[in-house]
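Subject: Model handover and notes

Hi,

Here is the structure for your files. Please open it beside this email while you read.

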Amino acid sequence: MSTLIESDEHKALRKAVSSFARSHAHASASASASASASASDAASDSERRGLWQEAAKLGYIGVNLPEEYGGGGGGIAELSLILEELGAAGAPLLMMIVSPAICGTVIARFGTEAQKREWLPALADGSRLMAFGITEPDAGSNSHRITTTARRDTASGDWLLTGRKVFVSGVDIADATLIVGRTEDARTGSLKPCLFIVPRDAEGFSRRRIDMELDSVEKQFELVLDEVRLPAEALVGDEDAGLLQLFAGLNPERIMTAAFAIGMGRHALSKAIEYARDRTVWKSPIGAHQAIAHPLAQAHIDLELARLMMQKAAQLYDAGDDVGAGEAANMAKYAAGEACVKAVDQSVHTLGGNGLTREFGLARLITASRVARIAPVSREMILNYVSHQTLGLPKSY
């Protein structure tokens with residue numbers, strides 16, 4: 001099936017998810033409008049947990065996971081479609097990027113049979129969540145500078161992890177965190193990346209909430225690993241696979257971030273379009289004026305183009321083309337991030353002063369839309385990637 005034409009199955013899935021998400025988005029909006037600030041946070045958190053559980057019951061959360069482990073047997077194409085529609089309805093689930101897309105994919109592809117049996121059914125039915133920790137305070141975009149290290153206890157065979165992570169989403173609600181560490185290669189002495197499942201209650205594993213301006217139910221955390229002892233079976237996959245396993249999770253992360261951004265942009269745009277149709281200042285609705293209509297049309301075009309690249313990336317990944325998917329996933333994330341920021345900005349501008357009120361719920365997206373430009377990789381690093389990987393230009397770093 002061409003990425004240009006959505007299948008009947010995908011169209012039906014999109015319609016079903018949209019209907020489901022809009023019913024929850026309306027309930028959440030009503031609860032937030034009638035609650036105080038502190039009570040609103042609790043209500044939003046409860047609503048989001050309920051949405052997650054109901055989405056899981058319908059098979060949406062684990063749609064990309066293998067059927068033999070309780071998943072839907074689909075791929076990132078289906079999972080990104082679902083996240084996009086949730087976002088378009090104003091009910092995005094950020095942890096879908098992390099738990100089923102990154103962690104679920106890595107475990108499904110590289111985990112031991114015991115790891116698959118323990119985690120995949122629970123991730124699919126929503127009863128358990130997993131966070132993902134890769135970013136460090138001093139490493140930034142340079143994953144080669146990751147200092148979280150894992151060493152073997154020769155006496156017991158256990159692993160000992162030490163290091164720090166920052167901007168880890170949802171650690172407080174996750175049952176475990178998939179941590180990217182580095183181990184020493186016995187042959188070369190150089191460090192190589194490895195992935196470990198760290199239970200939330202592991203001794204020496206602590207977290208501190210980062211105070212964010214970002215208005216999101218999912219909180220951000222700094223993690224400290226102080227000689228965290230893990231059994232040998234906490235290692236995911238082959239100790240020598242390294243980057244292959246890491247990028248098996250990072251490509252879906254980029255695709256899902258694109259879906260998150262496209263959904264957010266569509267949500268903002270829908271509010272602006274409705275307002276532009278109804279708002280009359282002189283003799284006709286403001287949407288009749290090209291100064292209002294054309295920027296909204298441009299924003300819609302940009303979002304549609306970004307979706308096409310996202311669909312291409314998802315199809316390549318699901319087909320097993322990791323190299324092709326890597327290029328397309330980076331491009332999709334870049335295009336979606338830019339389109340989202342522009343759509344939100346134009347939507348707020350269309351509403352004027354009303355765009356900054358709580359009633360319309362657009363102002364909070366000004367900050368949220370920047371996330372897709374910044375995380376999980378900045379647009380500048382994507383341009384670096386395309387420059388030297390696609391265009392063959394020399395590296396600048």
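Below are the conventions, followed by what turned up in the model.

This is a predicted model: local features need pLDDT of at least 70, side-chain atom pairs count only at pLDDT 80 or more, and totals for chains, interfaces and linings use all residues. Residues are numbered from 1 along each chain as its sequence is written, and side-chain values use heavy atoms, with hydrogens and water left out.

The largest nonpolar core holds 111 residues. A nonpolar core here is a set of buried Ala, Val, Leu, Ile, Met, Phe, Trp, Tyr and Cys residues joined through side-chain atoms within 4.5 Å. Buried means under 20% relative accessible area, exposed over 50%, and partly exposed in between (1.4 Å probe, protein chains only). Met 96, Met 130, Phe 132, Leu 161, Leu 178 and Val 198 touch the most other members. Helix α6 gives the largest share of this core, 16 residues. Helices (H or I, at least four residues) and strands (E, at least two) are DSSP runs, numbered from the N terminus.

Strand β1 covers residues 130–133. Met 130 and Phe 132 point one way from β1, Ala 131 and Gly 133 the other way, and all are buried. β1 pairs with strand β4 (residues 176–184) in the parallel sense, over four bridges. Two strands pair if DSSP finds at least two bridges between them. The bridge partner of Met 130 in β4 is Ala 176. Leaving aside neighbours within four places in sequence, the contacts of Met 130 include Met 95, Val 98, Trp 119, Leu 123, Leu 178 and Ile 197. Contact means heavy atoms within 4.5 Å.

**Ile 262 in α6**

Ile 262 lies in helix α6. Ile 262 counts as buried because its relative accessibility is 1%. Beyond four places in sequence, Ile 262 is in contact with Glu 84, Leu 303, Ala 306, Arg 307, Met 310 and Ala 336. For a distance check, take Ile 262 and Thr 147: they are 115 residues apart in sequence and 34 Å apart in space, C-alpha to C-alpha.

**Aromatic rings**

Rings of Phe, Tyr and Trp (its six-membered ring) pair if their centres lie within 6.5 Å; planes under 30 degrees apart count as stacked, over 60 as edge-to-face and the rest as tilted. By this rule the count comes to three aromatic pairs. One of them joins Trp 159 and Phe 196, with centres 5.2 Å apart and planes at 65°, so the pair is edge-to-face. Trp 159 sits in strand β3 (residues 159–169) and Phe 196 in strand β5 (residues 191–199), so the pair ties together parts 37 residues apart in sequence. Both Trp 159 and Phe 196 are buried.

Tyr 275 and Phe 360 also form an edge-to-face pair, at 5.7 Å centre to centre and 85° between the planes. This pair links distant parts of the chain, 85 residues apart: Tyr 275 is in helix α6 (residues 243–278), Phe 360 in the loop between α8 (322–351) and α9. Tyr 275 is buried at 12% relative accessible area. Phe 360 is partly exposed at 21%.

Two arginines sit over rings. A charge sits over a ring if NZ of Lys or CZ of Arg is within 6 Å of the ring centre and within 35 degrees of the ring normal. The charged end of Arg 128 is over Trp 119, 3.8 Å from the ring centre. For Arg 207 over Phe 221, the distance is 5.8 Å.

**Arg 373 in α9**

Arg 373 is found in helix α9 (residues 363–374). Is Arg 373 buried or exposed? Arg 373 is buried, because its relative accessible area is 15%. The Arg 373 side chain makes a polar contact with the side chain of Glu 338, at 2.9 Å. A polar contact is a pair of N or O atoms within 3.5 Å; within protein, one must be able to donate a hydrogen and the other to accept it, and residues adjacent in sequence count only if both atoms are side-chain atoms.

**Backbone points**

Most residues other than glycine have a negative phi, and most peptide bonds are trans. A cis peptide bond joins Ala 375 and Pro 376, with omega about -5°. Pro 376 is in the loop between α9 and α10 (379–390). Phe 167, in strand β3, has a positive phi of about 55°. Phe 167 is partly exposed, at 49% relative accessibility. Glu 227 has a positive phi of about 55° too. Glu 227 is found in strand β7 (residues 220–230) and is partly exposed, at 35%.

Best wishes
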